[in-house]
Amino acid sequence: MDYNFSTFEKKWQQYWLENKLFASEADRSKPKFYCLDMFPYPSGSGLHVGHPEGYTATDIVCRYKRARGFNVLHPMGWDAFGLPAEQYAIQTGTHPAVTTKKNCNTFRRQIQSLGLSYDWDREINTTDPAYFKWTQWIFIRLYNTWFDTELQKGRPISELPIPETVKDGGVQDVQEYIASKRLAYYDNAQVWWCNHCKTVCANEEVLNDGSHEKCGTKEVERRFLKQWMLRIPHYAERLLQGLEGLDWPAGVKDMQRNWIGKSTGAEVDFVVEGLPEKLKVYTTRPDTLFGATYMVVSPEHGLVNELVTPENKDAVDEYIQAAALKSDLDRTELAKEKTGVFTGRYAINPLTGKKIPIWVADYVLMGYGTGAIMAVPAHDTRDFEFAKTFGLPVDCILDPGNAAGELREKIIAGDACWTEDGAYINSANPELGLDINGMSKQKGIETVINWLEKNNLGKATVNYKIRDWLFSRQRYWGEPFPIIHWEDGEVSVVADEDLPVELPETNKYQPGDSGESPLSNVPEWLEVVDENGRKGLRETNTMPQWAGSCWYYLRFIDPKNDEEPFSKAKENYWMPVDLYIGGAEHAVLHLLYSRFWHKVLFDLGIVSTDEPYQKLFNQGMILAFAYETASGSKVTSDMVEEKDGKYFHTQTGEELKQIVAKMSKSLKNVVNPDDVVEKYGADSLRLYEMFMGPLDATKPWTDTGVKGVYNFLKRVYSFFAEKENITDGTDDKETLKVLHQTIQKVTDDVEGLKFNTAISQMMIFTNHCYKKGKVSRETAETFLKVLAPFAPHISEELWVQYGNGPSVSQQAWPEVNEKFLEEDAFEYPVSFNGKMRYKFSLPLDMPVPDIEKAVHAHEMSKKWIEGKQIIKTIVVPGKIINVVVK
RNA sequence: GCCCGAGUGGCGGAAUUGGUAGACGCGCUGGAUUCAAAAUCCAGUUCUGGCAACAGAGUGAGGGUUCGAUUCCCUCCUCGGGUACCA
């Protein structure tokens, strides 16, 4: 019986589609399971083999869950706004919508060719006005929400209390006050600008090396532009706390915690000589205040002009200008050498009463804390470097004790820096009633904060690294903001009933050099007039690509609703997402943004859960083998030949080294899923993607590996399609045991997302069938039910060959019968001093003393016991026997 | 620098409340089938020594706990990911 997958794979895909076998509706009588894939950006190059990895995993889980009686929601859609389609439009004049539609069609065809059990009636597209209408609707909700820090909760802007002092200032002041509290606001912001893409980008889109994540060029710089921002830091604590109850990889939680960057410390006010203003600093080490020997303000600090004395003005101005011209990249690249300049001004250390100089230096960032620090060079490495560079005093106030070893003397002398715990020295001022000498770090911090608060010089403070989210782009192909700027300065949102604000037709997609969006070139769209004849301009920025993916999981619940984003009853049934699988590259941004929006919607009573994604799993990257010469230069795969496990250049004959690298066109090692489906079938592709290794591991693709699973399916087909192999009788004990072990193992492994070992168990079962030659029809059908989630096409095909009606996908999952797994004897491995020497079968119910006797008397034991003394014998029933001899 | 994760045959990988290291697959070797090849089926395959029985070594390196360690603890090395003047 030949395994001609191509004769039936298409047939079954069509059957599933036409009969809507995987469509689901909210149904309270059944338990629900919402299983979500991170939806793709439909690029022009089509699916790569990384996509089906996660999709197959969720598909197996969904098919399994259905068989277990769950009502499964398993949707797919397109995150289709984005730069490539727009770049293509600039080059060719093709409207991005046209390109997008074409790419979506390719993606849909490719995904459907893998037999994935999506409910295609729920397909969504972020670029569809019927979808982004609601993205705009949510933006309006963000705009009309403020965060009540007291309640730690977002509330409607109509509930915002306006202080009397603000009211006294008039309407303008009230409007400004309200604007300052909205979660979405419009402001002049220093932002990253990419000269290549002609748009701003978020901080997080600019990589460490100063290149833009999206285009890879280093043409990014700082600019001041009017921008939309979202106040995500208000939700920092909620976003941090919310992680606790989630079933997410620990690494992703760590990365989010890291990104939020909570730190606790204190704000301290320093008196400045000759100025009425105090200089406020933030420090996590208020305990080291006795050691503060100078202060630093960032070049952008608001007080710099007051601080600088006339004789130092030129030098400081020059420094500030130079710092402003430097990109952040330059600042960090030159991080090894600290720069700075003295303002000429002194502050007073509140504990020592000493005059300490105030410097300006760019190692202090304006965006964190108060933009000013107290410098404790003896106990902070950055301050230490700075102090050494500029010859500032280093006063040690913490004795490291023996922990520092030989370093200790240098530290105490101020010639080295110590940031760990120790015992304080020189840290007392009897006049002020403060003495922390001898205390440990923890105690010291508490004591100093208490003292500062009592004396009104400072207070305990919490700080977060997370910044406001830059939420606008100067591009065409994105969601328009539902915002109008009126000629009198008022900013208003478009009324809900006037949504969506659609994109205008244009043929000029090229953004301006100074930050104008292409939308500003379309006057008939841009200019509006209200009923009173007041003129206004629409917001010409568009939303970033993150916007559409922030809430798509909610739209899947009710994708065709044009009255509301989704029905509340349906949301209540399906949420939260029970399993969310996607790449680790979204560990921070997408998942954090999405959680933020969700929490706002939760606070406003629009969704019923505080968190959107209950369980998250990251599939690993699929890599490919690549080849390089001894000097490290890469060789494309078509120039490589293998001989006896070694690799050689086909032209030069040079021996090459096999390495593992990302698939890339330049290395010519990209694997196209279409080719694999064509050659080996969809079931083989699915099975191989799962068999390669653990789902979360990065692993290299090999064609021989695909052949391996293809061979397995071929064996399955030729055995189970051969009528002579299938009997009407019953099976022997051994076969039933392997069958039920297989049900057990596959069940456990699917629950644990360990598909590779599930497949290996199915291989063991198949090998067993070959050894037996014949199995009962009942056993064969049971096996097909187990195989079906992994290789659905072949399972359907064999299922009907047994005279069953379609479909195996609608059969209940088989139950394990423990009776077939029970054993009455166990073949014990017998060890002597921990080394296994022989095996010995004994009844499982044999008492331990009898086992010991039997082992000591065993023929094979003689050799190991002779001339030695038995110290003891360890028997773990059903596991192992170990005899300790001497 | 800091925070995660991972190092197991020729290769992908399996096994962890501490209990037979190398399941399953690839590759390789031998056999059957064939005029022959492909395909398929069967057997073998951690390394070293030995015809074999068997013995010794063995999960990145070194140390420790234990009757017993791939699994737990300490020190170190290598690789991958994240992050970096965040006071």
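Strands β28 and β29 (residues 634–635) pair in the antiparallel sense over 2 bridges, where helices (H or I, at least four residues) and strands (E, at least two) are DSSP runs numbered from the N terminus, and two strands pair if DSSP finds at least two bridges between them. Within this pairing Tyr 627 stands opposite Val 635 of β29, and the two strands form a hairpin with 5 residues between them, Gly 632 in the turn having a positive phi of about 95°.

This is a predicted model, in which local features need pLDDT of at least 70 and side-chain atom pairs count only at pLDDT 80 or more, while totals for chains, interfaces and linings use all residues. Residues are numbered from 1 along each chain as its sequence is written, chains are lettered from A and ligands numbered from 1 in the order in which they are written, and side-chain values use heavy atoms, with hydrogens and water left out.

β28 also pairs in the antiparallel sense with strand β32 (residues 655–661), over 5 bridges, and there Phe 625 stands opposite Val 660. With strand β33 (residues 699–701), β28 runs parallel and is joined by 3 bridges; in β33, Pro 700 is the bridge partner of Leu 623. Because 6 of the 7 residues of β28 (residues 622–628) are buried, the strand is largely enclosed by the rest of the structure; buried means under 20% relative accessible area, computed with a 1.4 Å probe on protein chains only.

Turning to the RNA, 51 residues lie around RNA strand B, and Thr 284, Lys 338, Tyr 368, Arg 382 and Lys 839 come nearest; a residue is near a strand if one of its heavy atoms lies within 4 Å of it. Sugar and phosphate account for 63% of the atoms of RNA strand B that come within 4 Å of the protein. Helix α25 (residues 755–772) gives the most to this surface, with 7 residues, and by class the surface has 21 nonpolar, 15 polar and 15 charged residues. The table lists distances from a polar side-chain atom to a phosphate oxygen of RNA strand B, among them that of Asn 711.

| Residue | Distance to a phosphate oxygen of RNA strand B |
|---|---|
| Asn 711 | 2.9 Å |
| Lys 714 | 3.0 Å |
| Asn 767 | 3.1 Å |

Definitions and conventions:
Polar contact = N/O pair within 3.5 Å; in protein donor to acceptor, adjacent residues only side chain to side chain. Nonpolar A, V, L, I, M, F, W, Y, C, P; charged D, E, K, R; others polar. Buried < 20%, exposed > 50% of the residue type's maximum accessible area, 1.4 Å probe, protein only.
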